[in-house]
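Dear colleague,

Please find the structure below, together with its sequence. My notes on it follow.

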Amino acid sequence: MSFAISAEGIGETRYTPSVLQIDYRCHTDLCCTLLAPHPEEGCALLLGERVSPGLLRLQTAWPCCNVWGRGGSEQQPVIGRRRRFLVDPREQLAAQRWARARHQRCLGVAHSHPASPAVPSHHDRLWGETEGLMLILSASVGLRAWWLHGDRTVDEIPIQLWDTHNHAGPIDAEC
């Protein structure tokens, strides 16, 4: 899960967003993607746009295979994909290319916690891309959004579901 800062972020001022908008279609796609490999952790890349300095809009959940333990260190298979995930770097590059062609960018990573709360673990904070978005889905709590700072601390970001089909705007609903 360790990423280098993507080229899209070079030279930009870093900030903590105050809200993450997700439309219903994308929310459904993301939840299905993250729950599909249960009891293992599911993962996805988050593609979208920065609408304003405080607002991120998730437009696409790019499904990824959890490759933890495949051809990696000897420690990985012991821990297993039930408690860890790793996105294949080739999937990340493909997603970034696809997003750029559609004027989107990689905002961060999503993964599931099959047997723990939707709170970033020590390993999530240690291996995650700093100054980036992290979404975590747990069966008990649902989907939660976090911003990972350079010092490896996190801030929770409210999720606002968005109805793009009716163009009605925000929906009063909790994720």
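Helices (H or I, at least four residues) and strands (E, at least two) are DSSP runs, numbered from the N terminus. Pro 120 lies in the loop between β4 and α4 (122–127). This is a predicted model, in which local features need pLDDT of at least 70 and side-chain atom pairs count only at pLDDT 80 or more, while totals for chains, interfaces and linings use all residues. Residues are numbered from 1 along each chain as its sequence is written, and side-chain values use heavy atoms, with hydrogens and water left out.

Confidence. The pLDDT is the predictor's confidence in each residue, from 0 to 100. The chain averages 83, and 77% of the residues score at least 70. Helix α2 (residues 75–79) has the lowest confidence, at a mean of 51, and strand β7 (residues 154–157) the highest, at 96.

Pro 120 is buried (under 20% relative accessible area; exposed is over 50%, partly exposed in between; 1.4 Å probe, protein chains only), with a value of 7%. Not counting residues up to four places away in sequence, Pro 120 is in contact (heavy atoms within 4.5 Å) with Arg 125, Met 134, Ile 136, Trp 146 and Val 154. Its C-alpha atom is separated by 9.6 Å from that of Thr 153, 33 residues apart along the chain.

Nonpolar cores. A nonpolar core is a set of buried Ala, Val, Leu, Ile, Met, Phe, Trp, Tyr and Cys residues joined through side-chain atoms within 4.5 Å. The largest has 23 residues, and those with the most contacts inside it include Leu 20, Leu 46 and Leu 133. Helix α1 (24–35) gives the most to this core, with 4 residues. Apart from it lies another core, of 11 residues, among them Trp 62, Cys 64, Phe 85 and Cys 106.

Aromatic rings. Rings of Phe, Tyr and Trp (its six-membered ring) pair if their centres lie within 6.5 Å; planes under 30 degrees apart count as stacked, over 60 as edge-to-face and the rest as tilted. The count comes to 1 aromatic pair. The ring centres of Trp 62 and Trp 98 are 5.6 Å apart and the planes are at 55°, so the pair is tilted. Trp 62 belongs to strand β3 (residues 55–64) and Trp 98 to helix α3 (residues 89–101), 36 residues apart. Trp 98 is partly exposed, with a relative accessible area of 27%.

Yours sincerely
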